[in-house]
Amino acid sequence: MNARERFHATMHYLPRDRSPIMDFGFWDETYVVWREQGLPKDIDPSDYFGADPQWIDVGINPGLFPAFTYEVVEDHGDSELVRDEEGVLKERGKFMGSIPRQIGHTLTDRESWKREFLPRLDPATPGRYPADWTERVKRYSDPNRDYPIGLNCGSLYGWIRNWMGMENLSMLVYDDRPFFEEMVETVANCIIATITPVLESGVQIDYASWWEDMCYRGGPLLSPAIFKQVLVPHYKRITSLLRKHGVDVSVLDCDGEITHLLPLWLDAGVNCMFPIEIGVWGADPVAFRKTYGKELLMIGGVSKVTLAQSYPTISAEVERLAPLVEEGGYIPLPDHRVPPDVSLSNYAYYVNEARRVWGKGLPNMRPLLADRKPDSRVPGEIL
């Protein structure tokens with residue numbers, strides 16, 4: 001089977017030769033550390049470890065366009081103050097700075113919404129499609145294409161939270177509900193108007209992708225009641241359009257404790273959760289399958305913390321997830337981008353175990369040193 005056939009079979013519980021072997025991604029700092037440990041320069045770890053083709057998007061922009069101009073406002077040595085493409089002023093660390101600290105926002109009220117954001121959410125603005133769109137349509141419409149293609153369906157909450165800031169948006173939801181609802185509807189309208197020509201173009205879409213990140217360690221950032229009242233109707237507008245055009249897999253990227261919102265997403269037609277972040281709340285794809293059955297599709301669920309531990313611990317987790325992988329509807333991969341505390345050798349061991357168990361005996365990409373035990377490796381030694 002090719003990667004596209006394998007992805008389709010997995011997401012529809014059909015017979016397949018093996019599970020897809022996929023990555024989430026890697027911290028920028030991980031590249032730095034791994035190169036010190038022996039990762040060849042100018043090669044992506046996904047290529048180095050032989051991952052299947054993944055996360056290929058058609059390349060349209062259903063969100064803010066044009067983006068705000070990215071600029072460095074102040075250099076603070078180990079950190080810098082920047083204004084990003086969403087108009088957010090934030091301080092970011094230059095190394096090991098995965099979550100920048102937000103300082104200020106361009107979106108503060110109705111006036112800034114009308115002046116700065118509504119024009120950027122006009123779906124008719126030229127440039128939302130790549131310059132080579134005609135060629136992409138031809139290429140992505142090929143029924144013999146051997147890799148899956150995704151369609152970016154954006155975000156109904158996460159984008160607005162970024163633009164305004166979590167605290168400001170949380171207050172607005174209660175102080176001016178009509179304004180919040182107006183923003184959500186405007187974003188949904190822009191998404192629908194932008195993706196409709198793609199769906200009507202003949203491009204064969206294998207999955208829709210969404211990004212929200214609206215949960216933290218204690219649960220959702222928006223109450224389930226308001227989520228159901230305000231967001232679910234617009235999710236349904238979009239998922240109905242997708243299904244009308246044969247796209248029945250909607251992959252939603254949300255970190256944190258998602259259990260309070262998960263049944264509402266399913267009701268809204270968003271049926272695949274990613275990356276199943278384990279966290280201190282103890283999420284578990286095996287438990288999710290027992291609760292929601294085959295209605296819930298999943299991608300992720302391999303704890304990045306486990307990957308930093310011993311070889312036997314890694315092997316045990318790969319084996320524990322094997323029955324769920326075999327059942328289908330689930331693609332295992334790390335539950336977020338791999339941090340630099342996961343050594344290159346540990347990740348190589350994980351990939352080889354995944355290829356052996358989930359990959360039904362795929363050969364190792366990076367052979368282990370047969371004459372050494374894991375704890376006898378010298379620091380920084382590559383497998």
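Mentor: Let us begin with a definition: helices, of at least four residues, and strands, of at least two, are DSSP runs numbered from the N terminus. Please keep in mind that this is a predicted model.

Trainee: What makes the place of Ser-303 a loop?

Mentor: Ser-303 lies between strand S11 (297–302) and helix H12 (304–307), in the loop that joins them.

Trainee: Why is Ser-303 called buried?

Mentor: Buried means under 20% relative accessible area. Ser-303 has 10%, so the residue counts as buried.

Trainee: Let us turn to the rings. How many aromatic pairs does the structure hold?

Mentor: The structure holds 22 aromatic pairs. One of them joins Trp-34 and Phe-49, with 6.5 Å centre to centre and 85° between the planes.

Trainee: Why is the pair of Trp-34 and Phe-49 called edge-to-face?

Mentor: Planes over 60 degrees apart count as edge-to-face, and the angle here is 85°, so the term applies. The pair links distant parts of the chain, 15 residues apart: Trp-34 is in helix H2 (residues 28–36), and Phe-49 is in the loop between helix H3 (45–48) and strand S1 (71–75). Trp-34, with a relative accessible area of 0%, is buried, and Phe-49 is buried at 2%.

Trainee: What makes Tyr-311 and Tyr-349 a stacked pair?

Mentor: Their planes are 10° apart and their centres 4.0 Å apart. Stacked requires planes under 30 degrees apart, so the pair qualifies. Tyr-311 belongs to helix H13 (residues 311–327) and Tyr-349 to helix H14 (residues 344–357), so the pair ties together parts that are 38 residues apart in sequence. Relative accessibility is 8% for Tyr-311, which counts as buried, and 13% for Tyr-349, which also counts as buried.

Trainee: Where does the charged end of Arg-120 sit?

Mentor: The charged end of Arg-120 sits over the ring of Phe-68, 3.8 Å from its centre. Likewise, the charged end of Arg-145 sits over the ring of Tyr-147, 5.6 Å from its centre.

Conventions
Residues numbered from 1 in each chain as written. Predicted model: local features only at pLDDT ≥ 70, side-chain atom pairs only at ≥ 80, totals over all residues. Heavy atoms only, no water. Phe/Tyr/Trp six-rings, centres within 6.5 Å; stacked < 30°, edge-to-face > 60°. Buried < 20%, exposed > 50% of the residue type's maximum accessible area, 1.4 Å probe, protein only. Lys NZ or Arg CZ within 6 Å of the ring centre and 35° of its normal.
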